[in-house]
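Please examine the sequence and the three-dimensional structure shown below.

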Amino acid sequence: MATPAGAKKKADAKVIILGDYAVGKTSLISRYIDGSFNPHEPTIGAAFFLKQWGSYNVAVWDTAGDEKYTGLSSFYCRNAGAAILAFDLNTASSYESLWARFLPLLDAAHEDCLKVVVGTKRDMLKETDREISVDEAIEFSKEINKNIDLSRLKGDPYFETSAKSGYNVSRVFEYMFQYCLPDTKLQLPRDTIVVSNAAQPVSSRCSC
Amino acid sequence: MSIKAFELVPAIERVHRMSEKTKAQIECMDVCGKNLYIGTTDCFVLHYMLEERSNASGKVLFHSNSQGQKHLALKKPIAQLKAASALNRILVLCDNTVSMLNMLDLEPAVGGAKIKGVTQFCLNESPVGNNPFCVEVCVALKKKQVALYTITEDRINHVKDMSLPEPASVISMDGHVVCAALLSQYCMLDYETGQQTDLFPIDTEHMRPLVKRVSREEFLLTGPSALGMFVTSEGISQRPPLQWSENLISVGYVHPYILAMNDEFITVHSILDQQQKQAIPFQGGVIMNDYDGRIFIASTKEIYSLVPVAWEKQVQGLLADKRTQEALDLTRNANHGLTRDNFLKKFKRIQQQAAFIEFSRRNLAEAQELFKNGQVDVRELISLYPRLMPSTSNFQRSVPGLHEIADVNQLARGDKQVVEEYKNFLRRYLEDIRGTVNARGFKQEIDVALLKLYAEINSPELLPLIEVDSGCDLKDCAEWLENYERHHSLAMLCKYHGDNDKALNIWSRLVNGDIKDDLFPGFEFVVNFLSNLSDHDLVWKYVEWALEKDQELSIKIFTERPAQEPPSERLRPDTVIDYLHRYPRAVVSYLEYLVFQKKLEKEKYHTHLAVLYLENVLNLMKANGVKKEHIDMARSKLRTMLQVSNLYRVQLILGKAKEQEMHAECAILYGKLEDHEKALRILVHQLRDYAAAENYCIVNSEGRDLNYRKRLFHILLSVYLDPANEKKELLVEPAIDLLNSNVTDFDVAKVIQIIPDTWSIAMLSLFLRRAVRTNMHGNRMTHIERMMSRGENLLVKQTSIEDMREAIVMNEEKPCAVCNRTFSDPSFVRYPNGVITHIHCAKNKHVCPVTGKLFSTSKQS
């Protein structure tokens, strides 16, 4: 299959958000892209955003949570470098759907696709009513990512967010972009070395 | 949703053989240039020539001509036909068999090559091979297979088969990728690598799968839930899905629109924002497709075309609906076919219209951007605000109008706050474009509008606007500023336009407190202005008023004239002094300015100033209860003046000073008269200020030679030791101090003469010791100097002897080195390097005339 660079002429990486109906996927993305919180109509099929991150373009795909679109979501997962598995912190069933419905969809994504588990609507959660414990969710997030190396990322691939207040939202995306995109700082010196290596033999040939 | 992107126009209203009675219907068609082919349910292929003409009003009409028909004698419908103009053939699918007919006479191709078992076929729109007379065709077979063929004029070559998990019903091809709808899913097949990529599942029982190639390596598929899914040949999507209606029959694409037909409507969607733009009711449609950028539709018996409405019309429609963003997007992406310049011109006008729409909807940020990008004639905008245009302007809004706004009051419907918002917007916008290309030519309009806006809110920006390169017209703005009581700004504007008299008039009223303005900086500002004003008549007009207000400040009008101002008769110092007569403090300041700053060396001014100082001191002394410090200050001022200046009439002052027993002043004055003894006597006897006496000697001997200084100190000493003095004991101590002082200088012999015999050696020991040491030192230094001179003299003598020792033989053959003539005279010049010349030829004794060598000058002297 094609590499992420070849997959889309403009985008350098593709991330996708999956999760049950009405857990707040579109709200999470529009909070990150537009910085605002507005009510959204249910997404039909899928929606698409392009985010500038440093010198990179990242394609952010928003999928429809409704079960009838499951077939399409799998298609949209193709080539994704990272995925958000979103669930509503106040609804235990949405957490269970992640494992049952959405994780299999990611078979179409990259083999080393980072799966970030994100609990939404943190602002509505009362600690006393919590049904999914933080430890449990972290355990789950580590389990589904066990084939990839998480050591170079800061923290576990689990976040609790609120699109309403903006709490933790950009951290989720930064975390994923850090994983998907080579660090610019690291890339520069590598390029310089390549250039100098190429130049040296040429110059020695010329002098003969 | 009201954009009108396409118009339905009948193309062939009565297809041959399709009367109401017959059951035959249109099954498929293809258009290739002017040729239109129709395949019918009763196995006929019909050929028409179709001509597109537009009538006088620009409406597109079609004229058709039947060219011929062919019955394939199979009693089956013609399922598919496709013209391949490169081969001069049409490919026909009938009874699951692909065969070829001649394009023009519809006769079967020679050889009769066929492909059997075909359910559907498609042409490769981006062929991989580079033979122009060869067409790549992909066929879906009844069995679970697709096959690839290349077709030439009379031959069909099988290239490759690819097996599938299920039979394919619809296929489309681009490059080396085939996109196929199978029974339960779509898939992408790469026939070069054999790779099969599953896309997504479909339910073919309830929906007709469609595969439409929209651009290079991109297909549009019908998905579940009435979605139109974009897929690239790599099996991924780059655009969000389209939402369209259920039961689609056909899909067409003319950039930037996707058209979708179901049994009731044709809907038009933009590929740019995925939104539906238009719905055209159309029942009984059978086929719709794009053919070389034209859309044709077939119902069962008729052919229609969807003619694109000119993009400008579409855009105007959108603008009329206030859908600016869509209008701009459409404009940018329209297939306009205009030259770049022409397009930009039109685009600008659309931006301008959009700008006014956003403006009227109070989307001011968007409006600002559009106003700027569209380079709106700024007058169009300003004229929306009542009374902001300069009254002299004869601006007319452009025809046809860019907008339908009467003015902002109408937009605001009387809401003050909204009007305010609009005004703020205008202010920001004008500030923003001021000095940029958009403002070119409209400086006056912009500045006047800004001035009026600033004046209304009393903005501090008002002054800089007026002061720096203002385009503000005086008459119109003056009235406005007056109404809003921005008096200072009005004055500044008058000043800017050269009406200084009016400006000063306003300022004087401001200073007097008749009128008020917070921006007015105060009296000092007026004084500064006057002091820089080159119109001296006007200066005189306001000088009196200013002096009455504040003498000391106002005198700056005369003293702080600009440096490069040419001297003028009206401001001659004498005239000014005469005028200032009534203002004593002012006159002092002015004289000080003349004497100390301008350093005018005129006895008259110096004396005048000295006298004024003296009078001041006298007045202070006469008055009761004046503090001593004040008197001291005044006197020290006087003394400084007396000391520094040499030009005043000493006798005049001295007379007065003596009368008043002003000893310190007298001492200075005597000093000026070189009557040092008198001066020092006053200092010593009257003032008993010995330090001052010593200082007097130093100050008065400054710039004179050492002896003068010695003399002064000697006079002082003799004053101290004056035998006639009764209280001379008192002066012994200062005398000794003077003798021992480091700064003094004495002729020791003379000192010893006047020192009283009664003094003990001990008293004088310090002085004597130093005197002896100094003399001794001097003696030794002189000795050394003498010896050194003697040595130098000896050296010179030696050189001279050496130079002369060598004999020089002169004869007639020896010529002068310069003029080359012989010597007739016995005297000649010999340079140290042996060059011999005439005396008159030796122009410089330090430079050899032949070699140019420089001889040391010090040695010669």
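Chain A contains seven helices and six strands; helices (H or I, at least four residues) and strands (E, at least two) are DSSP runs, numbered from the N terminus. This is a predicted model, in which local features need a pLDDT of at least 70 and side-chain atom pairs count only at pLDDT 80 or more, while totals for chains, interfaces and linings use all residues. Residues are numbered from 1 along each chain as its sequence is written, and chains are lettered from A and ligands numbered from 1 in the order in which they are written.

Along its sequence, chain A shows the pattern α-β-α-β-β-α-β-α-β-α-β-α-α. Of its 208 residues, 42% count as buried, a term for residues with 20 or more other C-beta atoms within 10 Å of their own, where C-beta atoms are placed from the backbone. Two residues are in contact if their C-beta atoms, placed in that way, lie within 7 Å. Among the contacts in chain A between residues at least 6 apart in sequence, 72% join residues at least 24 apart.

How confident is the predictor? The pLDDT expresses its confidence in each residue, from 0 to 100. Chain B averages a pLDDT of 82, and 97% of the residues score at least 70. The complex receives an ipTM of 0.78 and a pTM of 0.58 from the predictor.

Chain B includes an open sheet of four strands in the order 1-28-27-26, with antiparallel pairing; two strands pair if DSSP finds at least two bridges between them. Strand 1 (6-12) and strand 26 (285-291) of chain B are at the edges and have a single partner strand each, so one side of each lacks a neighbour in the sheet. Neighbouring strands of this sheet are turned by 25° against each other on average, direction ignored. Strand 27 (residues 294-299) and strand 28 (residues 303-308) of chain B pair in the antiparallel sense over four bridges. Here Ala298(B) stands opposite Ile303(B) in strand 28 of chain B.

Two helices of chain B also pack together. Helix 13 (residues 523-532) and helix 14 (residues 536-549) of chain B do so at an angle of about 150°, with their axes 11 Å apart; axes are lines fitted to C-alpha atoms, for helices over the stretch in contact, and angles run from 0 to 180 degrees between N-to-C directions. Phe523(B), Val527(B) and Leu530(B) in helix 13 of chain B meet residues of helix 14 of chain B, including Val539(B) and Tyr542(B).

Note on methods. pLDDT = per-residue confidence, 0-100. Buried ≥ 20, exposed ≤ 12 C-beta atoms within 10 Å, placed from the backbone.
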